[in-house]
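Please consult the sequence and the structure shown below while reading.

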Amino acid sequence: MDSESTQYQQAQLAAILGADPAPFETLISHLMSTSNEQRSQAESIFNLIKQNDPNSLALKLANLLTSSPHIEPRAMSAILLRKLLTRDDSFIWPKLTESTRSGIKSVLLTCIQREESKSIIKKLCDTVSELASSILPENQWPEMLPFMFQCVTSDSPKLQESAFLIFAQLAQYIGEILVPYIKDLHSVFLQTLNNSPNPDVRIAALSAVINFIQCLSSSSERDRFQDLLPAMMKTLTEALNSGQEATAQEALELLIELAGTEPRFLRRQLVDVVGAMLQVAEAESLEEGTRHLAIEFVITLAEARERAPGMMRKLPQFISRLFAILMKMLLDVEDEAVWHSAEAEHEDAGETSNYSVGQECLDRLAIALGGNTIVPVASEQLPSYLAAPEWQKHHAALIALAQIAEGCSKVMIKNLEQVVNMVLNSFQDPHPRVRWAAINAIGQLSTDLGPDLQVQYHNRVLPALAAAMDDFQNPRVQAHAASAVLNFSENCTPEILTPYLDGIVSKLLVLLQNGNQMVQEGALTALASVADSSQEHFQKYYDAVMPYLKTILVNATDKSNRMLRAKAMECISLVGMAVGKDKFRDDAKQVMEVLMSLQGSQMETDDPTTSYMLQAWARLCKCLGQDFLPYMSVVMPPLLQSAQLKPDVTISSADSDNELDDSDDDR
């Protein structure tokens with residue numbers, strides 16, 4: 001840098017750090033500028049001052065906090081101080097003189113008392129917490145804790161809230177420093193949660209209590225806080241009773257965190273706590289978000305198996321109530337016209353957030369509590385849904401069966417007859433969405449209850465799916481029936497499948513010629529799976545099937561047909577592997593030519609063809625053996641390139657999934 005620009009820069013820095021506060025405030029406002037150039041210039045000046053004169057910088061920021069009449073610079077100053085006083089690469093505390101340190105500590109505590117803007121107070125609390133977590137353990141801020149206890153016992157809600165916000169963060173960062181004050185904290189928490197009329201103060205206190213409970217290492221210390229639980233719950237109920245749902249939702253989120261990390265803390269008052277949460281979940285006058293959080297709390301407790309084994313199973317009346325709440329949520333589904341048109345993107349048309357939460361939570365509840373707990377509840381509640389006149393109730397029962405199957409597989413396998421009857425009876429339902437849900441359930445049960453389902457009920461399930469493929473009025477139902485064939489055949493031996501191949505393959509060929517893309521894709525996937533499962537038994541269908549597959553491969557060139565072409569590749573390569581090299585050899589050459597020309601074309605990054613093509617090459621190589629050698633020079637470069645891409649899937653060993661199941665015989 002030449003001497004002239006050095007002099008200019010020094011003059012600039014001198015002005016910024018001079019007695020007049022305006023140039024420094026301008027620098028800070030430029031750090032918030034929308035102009036990239038102005039902002040990056042300001043950043044380089046700021047960093048230069050940070051390196052050369054950290055004392056002046058810290059004091060200038062502190063001065064801005066106390067004296068600027070404008071909110072933005074004060075807020076920015078609190079943020080920048082927090083960054084400089086956080087123990088990481090930017091930590092400037094060790095470089096500051098004793099008098100600067102003392103000035104900064106004093107300004108921060110004074111600002112918390114004087115500042116009126118709520119958002120700035122929160123930023124200041126963050127800054128104080130960061131600094132305190134670094135220097136309190138070394139006893140470098142002796143006035144800090146007395147100041148906080150003074151704030152929590154003051155008459156000012158603003159100061160009380162600030163102190164609790166800081167306590168909450170300190171409990172997270174350096175909880176052990178607070179443990180000696182356990183008695184004082186206990187009485188402050190109890191007093192505030194029971195008596196403070198201010199919801200913000202109560203929420204801040206609740207956050208501090210929950211973080212403090214989590215930082216205590218011994219259960220006897222945690223148990224000293226048991227008597228706070230009714231007061232903690234009161235924060236929630238009072239917010240709800242006074243219509244402050246935003247506050248109630250904050251309280252629920254904090255209690256969910258407690259349920260996840262310290263479920264045993266709740267065990268003595270479990271009946272009261274869970275009962276209150278279910279009451280919230282049942283209250284239809286409340287916002288959905290509030291009810292969903294109350295459900296999340298109970299599900300989180302049910303999932304806390306390792307920390308509190310069997311705790312929720314001891315409350316069967318609550319599990320039954322929760323199941324009923326979730327079933328009711330599944331009824332919140334509309335019969336949207338776009339669903340019937342079977343365009344892929346409208347897969348979940350008509351499904352509401354209630355419906356989605358109900359679906360997800362039934363799955364989680366069953367996995368958490370197992371079949372011995374859930375199946376009796378389902379057996380009690382589902383029949384009335386299936387007997388009701390409304391289609392939504394039939395739909396809900398079938399969706400619920402599919403959702404609980406994974407968690408309840410062992411118990412459901414023992415009651416397979418009853419389960420299969422429930423589902424197959426709905427294949428004839430007059431409403432297409434119910435028929436779709438029945439097919440969906442069969443697909444899910446084929447995965448979760450296989451191979452028992454396949455071995456015992458193939459003679460009922462496969463004909464039912466084949467019949468559903470004839471539902472030309474409802475292409476979405478047809479496509480789903482084809483997908484369910486895929487689920488069924490994956491867990492199936494060739495011996496079981498072979499007698500049905502004539503019927504199924506001929507139906508799938510009809511669907512392949514259908515104008516609806518979703519139906520065609522479903523048929524391709526099902527054909528691929530059937531070929532894979534039946535192996536050499538598929539040879540007799542090869543001559544009928546392959547021409548259709550090649551036609552799709554060659555003609556599906558539109559952007560909208562990319563997935564169709566990708567599925568055709570998958571199907572061709574799996575059929576080739578199933579029937580073997582001799583049968584496949586002639587067509588293989590033609591297919592390889594198409595793949596090679598695709599390989600050479602420019603494809604968009606989100607084109608599914610690329611990943612499907614790599615898998616197809618691998619199968620073709622396996623099938624053709626030596627005959628594949630001429631194509632290696634084309635295949636290897638992209639293969640090596642894709643090896644450097646991050647994989648979307650990680651393959652775990654087949655046994656890894658079973659470890660959890662084996663440890664819990666209550667499935």
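The side chains of Lys118 and Glu161 meet in a salt bridge, with N and O 3.3 Å apart; a salt bridge is a side-chain nitrogen of Lys or Arg within 4 Å of a carboxyl oxygen of Asp or Glu. By this rule the count comes to 23 salt bridges. This is a predicted model, in which local features need pLDDT of at least 70 and side-chain atom pairs count only at pLDDT 80 or more, while totals for chains, interfaces and linings use all residues. Residues are numbered from 1 along each chain as its sequence is written, and side-chain values use heavy atoms, with hydrogens and water left out.

**Pairs between distant parts of the chain**

- Lys118 belongs to helix 7 (residues 118–135) and Glu161 to helix 9 (residues 157–178), so their pair ties together parts 43 residues apart in sequence; helices are DSSP runs (H or I, at least four residues), numbered from the N terminus.
- Glu161 is buried at 11% relative accessibility, whereas Lys118 is partly exposed at 39% (buried is under 20% relative accessible area, exposed over 50%, partly exposed in between, with a 1.4 Å probe and protein chains only).
- Lys328 forms a salt bridge with Glu284, their closest N and O atoms being 3.0 Å apart.
- Lys328 lies in helix 17 (residues 316–330) and Glu284 in the loop between helix 15 (270–282) and helix 16 (288–303), 44 residues apart.

- Asp582 and Arg585 form a salt bridge at 3.6 Å between the closest N and O atoms.
- Both Asp582 and Arg585 lie in helix 32 (residues 581–600), three residues apart, about one turn of the helix.

Terms used. Helices (H or I, at least four residues) and strands (E, at least two) are DSSP runs, numbered from the N terminus.
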